[in-house]
Amino acid sequence: MKVTGLPPLGLLPLNSLLPLKLPLSASRLLPSRLAGLSMALLKATALEIAILAGHLLLYPSGIVQERRSGDAEPSPSGDTKQLPTEARPPVVLLHGFIDNRSVFVLLRRSLAQHGRQQLESLNYSPLTCDVRTAAALLGRHIEEICRRTGSDRVDVVGHSLGGLIARYYVQRLGGDTRVRTLVTLGTPHSGTRVVPLANAHPVVRQMRPGSQLMDELSGPAPGCRTQFVSFWSDLDHLMDPPEAARLDHPDLPAVNVQVTGIGHLALPVHPAVAARIRQALDDAPATPADSGTGAAATDGLTVA
């Protein structure tokens, strides 16, 4: 399914920065398909720069951990108020590498405007050196959220490394009993080869193809009860190859959504992606996914 005619982000007047057509000399030298790709890449890069500039301004506001609401209020009868089975579970937002919760400002607003009242943005330390340790910490946070809200399960949206941390929790630490749906945005599910000079950081080494962590995640995961929705972009400059952000695992029920026209930083920001995230969460089954449904379906989203 292709989604077109979507409203602009309003972050930057791209038409004022980029010409709508290549110069005549360039159009004669380049095949039309390559010229179109070059223009799409230029637009996506300009948008990434604009989003990065805006995110740098917001970054200080997200350094401090989000304030938590109190325990679920008791009902008039004195019993603890429990989340009804038909109600929507809390949504946990988990940021990427060397980032913080400020990356989800627009997505959080979108979810709240469409009825998601229980939203939790978690920060993990930028000094985190092990995905496994971060996944265990995420598990403790989710247990606390379930206790506080009275919900048995949560939905998780993870950007980049955040999606990998959440996947490890679900797949390797028994988190599928708590996570109903895991949405990942530009997550290196099969590892990424980009920026080889960053190998000095242990987490970057864990995100490489063939690492011990990747081998763990490629192993069997029978009976996983979490539904996965993986968004990947053909213009994601941090995924090498771009298909590394697809989730293809025989034991994991997954839908891969290819996003066309934007890059890595735009995935948690663009309103078209936010709309599809809302759809994925609203369409999630109320009961755990059936085991043995690991065939990864595919879908498409055109935003430019």
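## Report on a predicted model

Ala 46 lies within helix α3 (residues 32-58); helices here are DSSP runs of H or I with at least four residues, strands are runs of E with at least two, and both are numbered from the N terminus. This is a predicted model, in which local features need pLDDT of at least 70 and side-chain atom pairs count only at pLDDT 80 or more, while totals for chains, interfaces and linings use all residues. Residues are numbered from 1 along each chain as its sequence is written, and side-chain values use heavy atoms, leaving out hydrogens and water.

With a relative accessible area of 14%, Ala 46 is buried (under 20%; exposed is over 50%, partly exposed in between, with a 1.4 Å probe and protein chains only). Ala 46 is 217 residues from Gly 263 in sequence, yet their C-alpha atoms are 9.8 Å apart in space.

The model has an open sheet of 7 strands with parallel pairing, in the order β2-β1-β3-β4-β5-β6-β7; two strands pair if DSSP finds at least two bridges between them. The edge strands, β2 and β7, each pair on one side only. Strands β4 and β5 run parallel and are joined by 5 bridges, and Val 183 has Val 229 in β5 as its bridge partner.

| Strand | Residues |
|---|---|
| β2 | 119-122 |
| β7 | 297-302 |
| β4 | 179-185 |
| β5 | 227-233 |

Helices α5 (residues 131-149) and α6 (residues 161-172) pack at about 75°, with axes 8 Å apart; axes are lines fitted to C-alpha atoms, for helices over the stretch in contact, and angles run from 0 to 180 degrees between N-to-C directions. The two helices, α5 and α6, are therefore roughly perpendicular (65 to 115 degrees).

Notes: Angles under 35 degrees count as roughly parallel, over 145 as roughly antiparallel, 65 to 115 as roughly perpendicular and the rest as oblique.
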